[in-house]
Amino acid sequence: MAATLKLWRNAQLATCDAALGVIGRGALVTRGGRIEWVGSEAALPASLIASAAAGGAPEEHDLGGAWVTPGLIDCHTHLVFAGNRAGEYAERLRGRSYAEIARAGGGILSTMRAVRGASEQQLIDESSPRLAALASEGVTTLEVKSGYGLTLADEAKMLRAARHLGRRFPLTVRTTLLAAHTLPPEYQGRADAYIDTIARHWLPELAAQGLIDAVDVFCESIAFSVAQAERLFEAARASGLPVKIHAEQLTNLGGTLMAASHGALSCDHLEYADGPEAAALARSGTVAVLLPVAFYCLAEGRKPPVAALRAAGAAMALASDCNPGSAPGASLLLAMSMGTRLFGLTAEEALLGVTRHAARALGLEAERGSLSPGKAADFVVWNVRAVEELSYWIGFNPRRTVVRAGEVLRWPNMTP
Ligand code: NIG
Ligand code: FE
């Protein structure tokens, strides 16, 4: 059976193709799960309508003049985990630092214990509401990292849970191996040996099982060194996988410069980065992924160098960083609000940061992130008068309709 041709008309399109790419009275034509045509309604090619008519009545959707953007992309999450760390948050409110808690065996290790003790099904069940919350805001593509298992079996369990969520929910899940998140107790004092185990055994094994789309590393004084991160990058290349890095979040170690020299997809956090890092990211085409929810929850004093990134022409993305420690939340719209108010992004930069640039941070720019012919027919119809409202509202979700792979998603049927 031929894929259904659908016409979505009477819309204000923010195509996010080049800048916002606004088309005032626009239309989209989708065939199956792909966009076939985008443009001003007046320019709709008669041949397309005729071909639809030949295959029966075209399915027509009048969007009533509403704003339409590409489906949102959350390009940095640790969404699959068990338990929570509200107790640690209370301690941080009393003045204890994130790094102090981590050094005392809490932090990521505390969630590691919860994840090791959870079954794959429990991980799926605990993570589903977070995923549903993101999806209800119009997120149609989501990255999920491992990094709370820290054994081969437990990392594989997390990655399988993430893949399962992608099959069970109407959104695309990309998985990232973050076994180098922190040093597990089994390797205390033997960080190089741990990196070696990941590089030689876990990474090739999990890649062979088709469980990973990219490799990430937490490069930080409380985690792994630049040399160790580079060792993993070499192993990732040997397995044909792209790389990304958590860098310059709490200190400046030089991870960004190294990652840019390896053509990393993205460098994430970047509070302690500056001009040289911005220039290197722009040169290598590596996306700067900014995570304002973590900045907010850690009460971080230093902001990422947005002006330098902008001046250098580096692409900036925004993500939720959904995780139980530094960013306990599941709202990409909140990350957009915080990205504008706390980091100084413009409304346009915030929207491109969760569409076009977020797609690039996942190596998906050819397939998603903008309303362009050939790309996935993932888009969101919004109850807003101006597209700037997407980074303006706080704790209010103006999503009207989500179309994923050319199909309208029905709410509240999002529960798995
Ligand atoms: O992106 N920086 C390291 N990883 C996470 C935090 C993980 C955690 O605290 O559980 C982040 O902020
Ligand atoms: Fe993170």
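Predicted model: local features only at pLDDT ≥ 70, side-chain atom pairs only at ≥ 80, totals over all residues.

In which helix is the place of Arg 92, and which residues does that helix span?

Guide: Arg 92 lies in helix H2, which spans residues 86–93; helices (H or I, at least four residues) and strands (E, at least two) are DSSP runs, numbered from the N terminus. Residues are numbered from 1 along each chain as its sequence is written, with chains lettered from A and ligands numbered from 1 in the order in which they are written.

Arg 92 is buried, a term that means under 20% relative accessible area, with exposed meaning over 50% and partly exposed the range in between (1.4 Å probe, protein chains only). No salt bridge is formed by Arg 92; such a bridge requires a side-chain nitrogen of Lys or Arg within 4 Å of a carboxyl oxygen of Asp or Glu. The nearest side chain of opposite charge belongs to Glu 88, 4.8 Å away (Lys and Arg count as positive, Asp and Glu as negative, and His and the chain ends are not counted). Leaving aside neighbours within four places in sequence, Arg 92 is in contact with Ser 97, Tyr 98, Ile 101, Cys 297, Leu 298 and Gly 325, contact being heavy atoms within 4.5 Å.

Domain 1 contributes 25 residues to their contact, and domain 2 contributes 24. Between them the domains bury about 1,700 Å², with 62% of that area on carbon and sulfur atoms (buried area is the accessible area, 1.4 Å probe, that two parts lose on being put together, summed over both). On the side of domain 1, Gly 71, Ser 391 and Arg 404 lose the most area to domain 2, together 31% of what that side buries.

The count of salt bridges between domain 1 and domain 2 is 1. Polar contacts link 5 residue pairs across the two domains, both residues being at pLDDT 80 or more; a polar contact is a pair of N or O atoms within 3.5 Å, where within protein one must be able to donate a hydrogen and the other to accept it, and residues adjacent in sequence count only if both atoms are side-chain atoms. Strands S4 (59–70), S13 (379–382) and S14 (399–404) each supply at least two residues of the side of domain 1 that touches domain 2. Of these, S14 provides the largest share, 4 residues.

In contrast to Arg 92, which has no salt bridge, other charged residues are paired, and the structure holds 22 salt bridges. One joins Lys 6 to Glu 407, at 3.7 Å from N to O. That pair links distant parts of the chain, strand S1 (residues 5–14) and strand S15 (residues 407–408), 401 residues apart. Lys 6 is buried at 7% relative accessible area, whereas Glu 407 is partly exposed at 47%. Another bridge brings Arg 9 and Asp 62 together at 3.5 Å, N to O. Because Arg 9 lies in strand S1 and Asp 62 in strand S4, this pair ties together parts that are 53 residues apart in sequence. Arg 9 is buried, with a relative accessible area of 16%, and Asp 62 is partly exposed at 48%.

Arg 368 and Asp 378 form a further bridge, with the closest N and O atoms 3.1 Å apart. Both residues sit in the loop between helix H15 (356–361) and S13, 10 residues apart. Arg 368 counts as buried at 12% relative accessibility, as does Asp 378 at 7%. Salt bridges with shared partners also join Arg 9, Arg 25, Glu 41, Glu 60 and Asp 62 into one network.

How values were computed: Heavy atoms only, no water.
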